[in-house]
Amino acid sequence: MHPRSPKILTLVAFSVTAWITVAVSQPAPAPAVAHPLPQALIFEHKETLERLTILTKRPGEVGIKAREVIAVMKRHSAREQEFILPPLTLLPLLADGKVTPDMAWAITMADRIKAEREEIFNERARITDALNALVVAATRTHDKEAAEFAEAAQADSFSDAELLEPAVLLIGEYLRDKLPAGR
Amino acid sequence: MSGLIARIAFTVTLSVAAPAAVYAADPAAGKAVFQSTCSICHSVQPGQNKIGPTLFGVVGRKTGSAPGYTYSPQNQAANLTWDEATLDKYLEAPRTMIPGTKMTYAGLKDAGKRADLIAYLATLR
């Protein structure tokens with residue numbers, strides 16, 4: 001048996017230490033990473049929430065109906081932030097022809113939209129109903145601002161269904177096609 | 001005897017008249033339903049599509065046929081004519097009758113309100 005040279009021992013010791021250090025410093029499997037939303041949508045959502053919050057403080061029926069709207073919208077908004085809207089942040093890169101393996105998370109999100117499409121639609125139907133009720137209250141009390149808000153919010157909700165969600169589904173399919181199998 | 005005949009005549013008249021009274025739809029009430037429930041997405045002006053297609057002339061129109069409106073493929077393929085019966089079924093639960101329709105509305109569950117609304121829509125021509 002040949003004695004190991006101090007140099008080799010040092011090297012082995014260093015390797016083991018380095019390996020242990022790396023292993024220890026590796027974070028535990030993290031829960032799903034929260035991805036940012038496109039800036040434009042952050043601003044739009046902030047403005048909608050601010051306007052709606054003002055309406056919730058109105059006395060009487062408009063305030064009550066606005067609070068009902070905010071409740072259904074918040075539920076939907078959580079879903080949007082979690083997996084409906086983040087893939088849209090990739091659009092500018094994809095439009096420039098850039099596809100990298102670290103974009104694979106968007107495929108998972110797009111697949112989730114596909115799986116939960118019916119539920120998302122039903123949620124949107126509840127928003128429409130709540131906005132209709134707000135319009136009724138606003139009309140009855142001659143609250144033009146509340147009625148205008150409801151109409152604009154309905155248009156936003158529809159734009160999500162007609163433009164944004166299909167765009168995310170396309171992003172998912174595009175990435176699935178472009179990224180190597182197994183990602 | 002004449003009292004009995006009169007009573008029978010009254011009963012017969014009532015039984016004949018009653019169904020008409022129960023099902024008489026009111027376009028004016030339907031207009032109110034439209035304004036509170038549909039107008040956020042639909043116009044009644046000819047050619048003016050909003051989030052949903054214009055409802056001008058909807059009664060008697062084929063599904064998916066309002067000019068200038070982009071329908072869901074399912075609505076286009078439904079191949080129905082909007083009449084009292086089809087509208088009643090659709091308005092009660094749009095997604096049940098035409099799965100995949102873009103109409104994000106849960107449905108008008110009150111049969112009387114639906115009848116009023118359809119009576120109002122029938123005036124839009």
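Modeller: Helices (H or I, at least four residues) and strands (E, at least two) are DSSP runs, numbered from the N terminus. The model discussed here is predicted: local features need pLDDT of at least 70, side-chain atom pairs count only at pLDDT 80 or more, and totals for chains, interfaces and linings use all residues. Residues are numbered from 1 along each chain as its sequence is written, and chains are lettered from A and ligands numbered from 1 in the order in which they are written.

Colleague: In which element does Thr86(B) lie?

Modeller: Thr86(B) belongs to helix H4 of chain B, residues 84–92. Chain B has six helices and zero strands.

Colleague: Why is Thr86(B) called partly exposed?

Modeller: A residue is buried if 20 or more other C-beta atoms, placed from the backbone, lie within 10 Å of its own, exposed if 12 or fewer, and partly exposed in between. Thr86(B) has 17 C-beta neighbours inside 10 Å, and therefore counts as partly exposed. Of the 125 residues of chain B, 30% count as buried.

Colleague: What is Thr86(B) in contact with, leaving aside its neighbours within four places in sequence?

Modeller: Two residues are in contact if their C-beta atoms, placed from the backbone, lie within 7 Å. With those neighbours left aside, Thr86(B) is in contact with Leu80(B) and Thr81(B).

Colleague: How many residues of chain A are in contact with chain B?

Modeller: On chain A, 17 residues are in contact with eight residues of chain B. Helix H6(A) gives the most to this side of chain A, with ten residues.
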